[in-house]
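Please look over the sequence and the model shown here. The notes after them go through a few parts of the structure, topic by topic.

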Amino acid sequence: MAKKTSSCETIFVARQPVFHPDENVWGYELLFRSSDDNFALINDESQATSSVIADGLAMAMTGMDLDTKILINFPEQMLIDNAGFALPRENCVVEILENVTPNKKTLRATQKLKDAGYTIAVDDYFGQSQLKPFIELADIVKVDILELATDFEKIEKTIQGLPQGVKLLAEKVEDQGTFEALAEMGFDLFQGFFFSRPEIIPGKKLTSNELTKLQLLGELSNVDFEPVRLSEILQSDPHLSFRLLRYINSVGFGLQQSVTSLKRAIDMLGMVQAKQWLRSTILADLNPSPKAGELAYLSVHRAKFLESVCTITRLEGCDSDILFIAGLFSLLDTMLGLSMEDILNMLPLDDRIVNGLQGHGEISQLLQLATSYERGKWDETADQLSRLGVDSFEAELIYVRARSWTQEILGFSKPC
């Protein structure tokens, strides 16, 4: 959400990944928070709108590969006001919302963007004839799978009438089976929450490497964890030690000279942040697949967000370290292809974390808050914040800061 303060404008944005059929990331859709709608921020002046989009884009793109594509929703007035020209055409996709009317002004604006080399996408298509003028200009058509009731015969019939050469993006793909069926059907791109839902593989066992890392995560999250053990873990893994020193030196801490000893590095970070760094790094290394990389990023972001929410919520007995662990472990079932119950049986976790990860208690409510943010469900987010007694503006600031922290701790960015 963009809210004016005395000295700056704060941009809040959620991002949702879009995958190739091989589950490598193609790009992200950016969802901007607005005070009065669910689209990108709209002000009276197009120039101001473009500025907001450009600022939000810069923030969200930190740590992304240069060839990553970015989808941005365009309501009607933004399209007419030529706000798209504030964006780099090499990797930004202008996504025309399904409620934009194809008239002389909007079609002329779309043609102008296309002539300038911008990629055009049409959102939420499920066969509406009124969208045909936009579809004839489109490079990408986003097919709404849920609106078509995940009926594969109906989906196939819907896409048969689309122009040849247009890329098909299946949106609102909710499970792995649907993803695989649509890939067989010829869809080029996929968006939805199938990537963050567990695909449980019967009889699957963890490799020794995965099991060791999972056990190490459990040890780091034990309330009886001994500080001396942190040094032992780092000393036993030169690669981890190097990455910790690189992290310390890149983040800076106002250093006049480089840190060269592990003890000095841990002392500078402090035990809490050193454990957070190590937990996050081990989690990111747990599964090297592109999809798991997205899940690791999401898990670490959740962890820091929930830890920070603890400082402003009215929940009694809120423990920031407990919330960090709950957020960090909340997608382990998806990453490992095991049930959450099996994973929790392997780990010596506090009962509050176990209950939260099984969908019970206040920790579960906070995980739902994080999920609603990630999915851009702003009405649901507002209801949850109200119930928790959390100011929405404070929550947005915390969410953005958690994103920056995640990018730093995973080595995606260097602070200014």
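**Helix H8**

On one side of helix H8, Val 228 and Gln 235 are exposed, where exposed means over 50% relative accessible area, buried under 20% and partly exposed in between (1.4 Å probe, protein chains only). This is a predicted model, in which local features need pLDDT of at least 70 and side-chain atom pairs count only at pLDDT 80 or more, while totals for chains, interfaces and linings use all residues. Residues are numbered from 1 along each chain as its sequence is written, and side-chain values use heavy atoms, with hydrogens and water left out. Helices (H or I, at least four residues) and strands (E, at least two) are DSSP runs, numbered from the N terminus.

- In H8, which spans residues 227–235, Leu 230, Ile 233 and Leu 234 are buried.
- They lie on the same side of H8, because they cover an arc of only 95 degrees around the axis; the arc is that of the directions from the helix axis to the C-beta atoms.
- Glu 232 and Arg 229 join their side chains in a salt bridge (3.6 Å, N to O), a term for a side-chain nitrogen of Lys or Arg within 4 Å of a carboxyl oxygen of Asp or Glu.
- Glu 232 and Arg 229 are three residues apart in H8, so about one helical turn separates them.
- Glu 232 is partly exposed at 41% relative accessibility, and Arg 229 is partly exposed at 27%.

- Strand E6 (residues 92–96) is mostly covered, with five of its five residues buried.
- Cys 92, Val 94 and Ile 96 are on one side of E6, and Val 93 and Glu 95 are on the other.
- Strand E5 (residues 69–74) runs parallel to E6 and is joined to it by five bridges; two strands pair if DSSP finds at least two bridges between them.
- In this pairing, Phe 74 is opposite Ile 96 of E6.
- Four bridges pair E6 with strand E7 (residues 119–125), also in the parallel sense, and Val 93 is opposite Thr 119 of E7.
- From E6 the chain passes through helix H3 (residues 104–115) to E7 in a right-handed β-α-β crossover, meaning that, with the strands pointing away from the viewer, the path from the first strand over the helix to the second runs clockwise.

**Charged residues**

- The count of salt bridges comes to 16.
- One of them joins the side chains of Lys 142 and Glu 95 (2.9 Å, N to O).
- Lys 142 in strand E8 (residues 140–144) and Glu 95 in strand E6 are 47 residues apart.
- Lys 142 is buried at 0% relative accessible area, and Glu 95 is buried at 0%.
- A network of salt bridges links Glu 29, Glu 95, Asp 123, Lys 142 and Glu 171.
- Asp 124 is placed in strand E7 and counts as buried at 13% relative accessibility.
- Leaving aside residues up to four places away in sequence, Asp 124 touches Glu 98, Lys 142, Asp 144, Glu 171 and Lys 172; contact means heavy atoms within 4.5 Å.

**Cysteines**

- How many disulfides does a search of the whole structure find? The search finds one, taking a disulfide as a pair of cysteine sulfur atoms within 2.5 Å.
- The disulfide joins Cys 310 to Cys 318, with an S to S distance of 2.2 Å.
- Cys 310 is buried at 13% relative accessibility, whereas Cys 318 is partly exposed at 26%.
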